[in-house]
Each structure stands twice: as C-alpha cells, then as structure tokens.
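This report goes through selected local features of one protein structure. The sequence and the model come first, and the description follows.

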Amino acid sequence: SYTCEAVQKNKFDDYSGTEKVKVGGKLEQKIYLGADLAYVKKDNEKYLAALAGTDMKLLKISTKPFELIALTTVGLPQYDMPMHPYKRVWGTAWSHQAWQKTSDNVYFSGDDGAGVYALSLTNNLDLTTGKAKFVPFGEATKTDWNDGFSCGTDPQLDPKSDCREGKMYRSSTKNRKGNNPTSEIMLLDENTGEKKGGWKVEAEGLTAINACAMNPIDDMVYCILRFKEAANGFKNVIARLDSEGTIGYVARIEGDMAFSGVFDDEGNYYFYEVEFGLHQLKNINKILPASKSPKKAIWREQRTSLQDLRNDGFKWKVGADFAILNRDKKVYLASIMPYSEKEENGPQLGRVEPQRVSLVEITGGKVDSEVIYLMEEGQVLPKPVDSAEIREAGINHKEITYGTAWKSISGDILFADDSGQGVYKLLKESVTITAGKGTVKFEKTKMKNHITEWNDGFVCDPQANKRIEKVK
C-alpha cells in the first residue's frame, strides 16, 4: 500500500519518509504529477498517471527507484480557459484496470468543465515516442475541488462487427422534420433489393442518421447521428453501430446536416455536410474509446474540413451519397448530382439537360482540388415524379436526389433515388474523361427501390475487410 506519512504525522516539510524518484537520470525527492492520479498498467509495468495542462506524467511504480516519464499529448483542449495563462487542472482521474482485466482506458476530467477526455493505453499511448492521443469522451461539471475513483466496469462501448458476405444495407430516417422521427438500418437482398431485415437506431434526441459506411480497417459500421438539444440546437456525432442496437459515440464534429459517407480502401472516411462541405477523417478506427453518451465536446484538434483545399469546400459540387470508383489506376468519390427540371413561364417542360455524375479524385488518400463532371448519355436516369406518397415522405417532387450509393460485392456501382423509381447501375466501362470532363452511361436494374427522404447506402465486403493492417 502507499501511505502519506507527512499527512499522518502532520509534518508537511518532512521528506524523510518519501520515495526518491528517477527524473532524467537523476534521483529527485520533490516531483509534481497533477491534481489526481489513476492507476494504469501497460506492457506488464505499473504506473500512476496524471495530467497538468496538456502535459501527461507517468510515474513508474513497478520497480524501485520509481521513474517519472513525461509525455506529449494530442487531442486535449487547447483553447483559452478562465484562468489562462495557468495550466488547466485535471482534478479527477479514473481507471478500471485494478479489477477489470479487459479495461484499456484512463479518463481525466478538467476542473473548468472542459470535458472528460479518454486515452486508450493499447492503441493511443506510445512510450517509445513519448506521445499520448486523447479523445473527447463526454461532458464534465465545473468544480474547483474534486477527485475521482472508480468501481464497476469500464464505461467504454465496443459495438460488434456486422460484416457478413453478401449483405447490402441502407439507412433511413422517416419524419425527419417532424416531432417523432424514426431511424433504422435496413438489410436488403442483393439481387432483388427487397428488405429482409435490419434494426432500429434509437437514442434520446436523435433526429436523423446519414453518411453511413463500413470501415474496411475495423469492420465497423459508422454513421453520423444528428441530435437536437434544447439549449444548443443541433449537433452531429460520429458513431459506431451494430445490429444489436449498440451505439458507440466516437467524435462530435462541427457543421450542419451531414450525408454522403464512404470509406476508401485505406480506411479514410469521407462525408459531406451542408455548412463546411466535404470532409476527410483519417484513422477513425483509432479514435478510442467510444462513449455511451453523445454529450461530447466538439473535436477541434483534428480538422476534417477540406476548405483549405477549396474555398467553397466542394459545397454543392457533389451528390447525396458516394461510391468509390476505380478508373485508370485512379480512385474517385463518385456521386450523382441532384437534378430538377427547368420551369419557364409555367409548367415543367421536361428534361433540358443531361444529368451529371460528380467525380473527386482521392488516389492515395490525397484529395484533388478539381471536380470532374460526367454527363449522362442515353437518359436512363429517372425524371422527377409526383405522388401522394412522395409528398408525404417530405420529398420535393420537382427534384430528384440519389441519396443511396452502393459498391456491390461484385464491384458494381449502384445508385437509388429517394423517390423510389429504381436502382441504377453505373457502367464503368462507359466512363470517358478528357480534359477534366467526360461522359457516362447507366443501366436500370431489376432491383426494388424504396421511397425514403433521408437515406444512405453501404455494403459489407468481406474481401476488402481481410487486410493485414486491420485493427480489432
């Protein structure tokens, strides 16, 4: 056991009973760790962990003399605090490793209410380089005198991998703008498009889900969940989902409504949201642990917006869902642009221009600043239609939007329109690109479509998910 003899003997200047600590090769009797300590284990060694500002200290206690290790951190909040320029005080620390062998995380809460931040000891603590990567875990109460201790199980969430061969998924939110929106992940038959299963996605304050995709690195389903809060308006949170209804909240991101989500083969996550445009998030599988609560601080430390690449952030330059197109050793985000028939002094006159496919090159994870538009040849894609069911679903009957895209197990690129008119196959061999523009043809499949105003598509490809670097 560890005792504080200075407190017991009321001799606060008596250091005779304290341990000397190895600091930079020298033995020191006075050291500063932080305002609270957490007991952690890594690589069969035992440590006491503490934070002071953005500095992390580990006191190695498994052997004597004890050794102090200083680490640099990534992900802790950097913005000004009420007591600036003083360091942020992290007066509460937790760890569950003393009694839970499967626990891998340590948690710290800032006294100024900056939030609870978590560190995965296995995935995000590197003692060789001296770096620790924290992620926002939840909200914190402002308090000037506090301490943390823990019992029970680690609050992290580990959704299960749902990757199975031949499974095609589609997310859907109904009544998105109403008082009782409902969201689900539908499991579809790959050949017929018929719904054959799925699960509901439910959480307090949830208004919609979109930008769903399967990560080939960790086999997990990721979606962006949009919440409504009475005090703070709306917010977007990236989450991992599984078919048992588990939601593991990963990171809160800035922006408006989000859609058009996809992963490339390297595990880079691309999504589009209305305020900032196109985003790219790397190594999302390493954002650990996931939280049970969506009440997270905005993750300001890792910018995902591509506005520095284009001033407009690709706003309104892409469609409502992405598929990965491989062409001539290049990789593209492919989407069909929303389309509306022109009106000239009265009723609609029918289609006057071909529909367009938007391509953004992302070869090697590097996003190109230009957008390539492919004009449709043959007019196979549908026109806007009107019906009571379409209007009831909240769909603008004067426009057509392709909210769902899939890349099937066989490699076919498919798009489904929100108005339920069909599923359309992009004929990859028809794609021509010359001087930054080109043409493309489509073929209507026999698959069934569903009318849904807010939706997204993704496919589990077990072959893509057998990569050596896959993280479990």
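## Local features of the model

At 0% relative accessibility, Cys223 is buried, where buried means under 20% relative accessible area, exposed over 50%, and partly exposed in between (1.4 Å probe, protein chains only). The model is predicted: local features need pLDDT of at least 70 and side-chain atom pairs count only at pLDDT 80 or more, while totals for chains, interfaces and linings use all residues. Residues are numbered from 1 along each chain as its sequence is written, and side-chain values use heavy atoms, with hydrogens and water left out.

**The disulfide**

Cys223 forms a disulfide with Cys212, with an S to S distance of 2.1 Å; a disulfide is counted when a pair of cysteine sulfur atoms lies within 2.5 Å. The pair links distant parts of the chain, with Cys212 in strand β15 (residues 206-214) and Cys223 in strand β16 (residues 221-229), 11 residues apart. Strands (E, at least two residues) and helices (H or I, at least four) are DSSP runs, numbered from the N terminus. A search of the whole structure finds one disulfide. The link of Cys212 and Cys223 is right-handed, with 115 degrees about the S-S bond. Cys212 is also buried, its relative accessible area being 0%. In general, a disulfide is a covalent bond between the sulfur atoms of two cysteines.

**Aromatic rings and charges**

How many aromatic pairs does a search of the whole structure find? The search finds 13 aromatic pairs. Rings of Phe, Tyr and Trp (its six-membered ring) pair if their centres lie within 6.5 Å; planes under 30 degrees apart count as stacked, over 60 as edge-to-face and the rest as tilted. The pair of Tyr169 and Trp199 is edge-to-face, because the ring centres are 6.2 Å apart and the planes stand at 70 degrees. This pair links distant parts of the chain: Tyr169 is in strand β12 (residues 168-174) and Trp199 in strand β14 (residues 195-201), 30 residues apart. Tyr169 is buried at 2% relative accessibility, and Trp199 is buried at 10%. Elsewhere, ring pairs link Tyr222, Phe263, Tyr269 and Phe271 into a cluster.

A charge sits over a ring if NZ of Lys or CZ of Arg is within 6 Å of the ring centre and within 35 degrees of the ring normal.

| Charged residue | Ring | Distance from the ring centre |
|---|---|---|
| Arg310 | Phe314 | 5.0 Å |
| Arg356 | Tyr373 | 4.4 Å |

**A four-stranded sheet**

Strands β12 and β14 also belong to an open sheet of four strands, in the order β14-β13-β12-β32, with antiparallel pairing. Two strands pair if DSSP finds at least two bridges between them. Why is one side of β14 and of β32 (454-459) left without a neighbour in the sheet? Both strands stand at the edges, and each has a single partner strand, so one side of each has no neighbour there. From one strand to the next, the twist averages 20 degrees; the axes are lines fitted to C-alpha atoms, for helices over the stretch in contact, and angles run from 0 to 180 degrees between N-to-C directions. Seven bridges pair β12 with strand β13 (residues 182-188) in the antiparallel sense. Arg170 has Met186 in β13 as its bridge partner.

**Backbone details**

Most residues other than glycine have a negative phi, and most peptide bonds are trans. The peptide bond from Lys64 to Pro65 is cis, with omega near 0 degrees, and Pro65 is in the loop between β5 (55-60) and β6 (66-74). The bond from Leu288 to Pro289 is cis too, with omega near 0 degrees; Pro289 is in the loop between β21 (277-281) and β22 (323-327).

Asn44 has a positive phi, near 65 degrees. Its place is in the loop between β3 (38-42) and β4 (45-52), and Asn44 is exposed at 80% relative accessibility. Ser260 has a positive phi near 55 degrees. Ser260 is in strand β19 (residues 258-263) and is buried at 0% relative accessibility.
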